[in-house]
Structure formats: C-alpha cells, structure tokens
Amino acid sequence: RTEDTVMLDKTGTIPLGNRQACDFIPVDGASAQELADAAQLASLSDETPEGRSVVVLAKETFGIRERTLQDKGMTFIPFTAATRMSGVDLPDGTKVRKGASDAIEQYVKENGGRIPADLHTHVEEVSSLGGTPLVVCENNKVLGVIYLKDTVKPGMVERFERLRAIGIKTIMCTGDNPLTPSPRKPAWTALWQSASLRTRSP
C-alpha cells in the first residue's frame, strides 16, 4: 500500500501557534481605549498566550493596569467549544465577551443589539493579513476587533516541497475563517504553491 496524502491540522503544526495580540481595532464610534479596556477585562483569567498578550497590549498601549477578578467582584466566563467565547460578568450586570466573530454576532443579536456596518470589513482585513480576529462586545454593543498575529514556522515550505517532490499531497485542516490561510496572502502563498494545500473545515 502506498500513501499519497498527508493531512495536517493547521493550528500549532504549520504556524508557530503562539498568537499574540498586536492591535485593537474599534468599530462604530467606539474608542480604541474603550475596546482595549473591555478586551483586557475579558482576558484577565485567560491563561493562554493569546489571552495574556491581550492584557499586556492594553497595558503597554494605554497604561491600563492589570486587574484581578476580585478587584471588582467579577465572575469569569470560560471559553467553551459550544459558545466559542469567554469573558466576565460584572456585579452591576455588565457582561463583557470576546470570541469568534460569528459567535459574538449571534450573542449580540440575541441580546437585542445590532452589528456595526464596519465590523465585517475589519474582520476580513485581519484575516487577509494572516491573523485571527477576535471580536469584543459589552452587553449588546460590539466594540471592535483584536488582531491576533501568527507566523508560519521556519522550514515548513521546504518540508512540503520535499513531500511534493516524492508525490505526496498535503491537505491542511482548519476551522479558521477561510480567509486566514488564504493562498492570496503573503504569509501563506509559498505554502500553497509548494504543497498544494487546501483548506478544509471540520
């Protein structure tokens, strides 16, 4: 039996997997500082590299000191595969959430809010740069997008070229926004050209 195809999970296999927050992009009249403050609150108990980087970026960019859940009696709402978001509930009833764009949009709509006209533009801009967009909302108001940046691991292009040279096809499996690993982006073009990668959603 001859194997002619290798399937790889994208996250942590092809890119470095330690995505870091690098920008806060406000929408619909919200300020970048307002977005950063909410994003930091939603990330206080998020121990992932992404979550910690959000806290640090808010502090470095706007001088927002790192708080604790006990400071304001907040309750942490952990990420789950079902909700695809996390955040905090404040004692005054305020709910801050961050997560996948479609999950936050659904949450906002279910709570009587509307989706800003410029949200999709910014989400697609981040994805087109090879990043991961996380959307932040406070109650039923969308505040903006966190740009999480990742890079392709060194040497991956050459490894895929070697596989292709011996007739092995590679397929990349990802649950990302289809734009994130797009062959039209500089971060991924070489991989697609050398390895004939194809994006497949689970």
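Colleague: Which residues touch the most other members of the largest nonpolar core?

Modeller: This is a predicted model, in which local features need pLDDT of at least 70 and side-chain atom pairs count only at pLDDT 80 or more, while totals for chains, interfaces and linings use all residues. Residues are numbered from 1 along each chain as its sequence is written, and side-chain values use heavy atoms, with hydrogens and water left out. A nonpolar core is a set of buried Ala, Val, Leu, Ile, Met, Phe, Trp, Tyr and Cys residues joined through side-chain atoms within 4.5 Å, where buried means under 20% relative accessible area, exposed over 50% and partly exposed in between, with a 1.4 Å probe and protein chains only. Here the largest such core has 24 residues, of which Phe24, Met74, Val88, Val136 and Ile146 touch the most other members.

Colleague: Which element gives the most to this core?

Modeller: Helices (H or I, at least four residues) and strands (E, at least two) are DSSP runs numbered from the N terminus. α1 gives the most, with six residues, and the elements supplying at least two each include α1 (32-43), β2 (20-26) and β7 (141-149). Apart from this core lies another, of 16 residues, among them Ala100 and Cys137.
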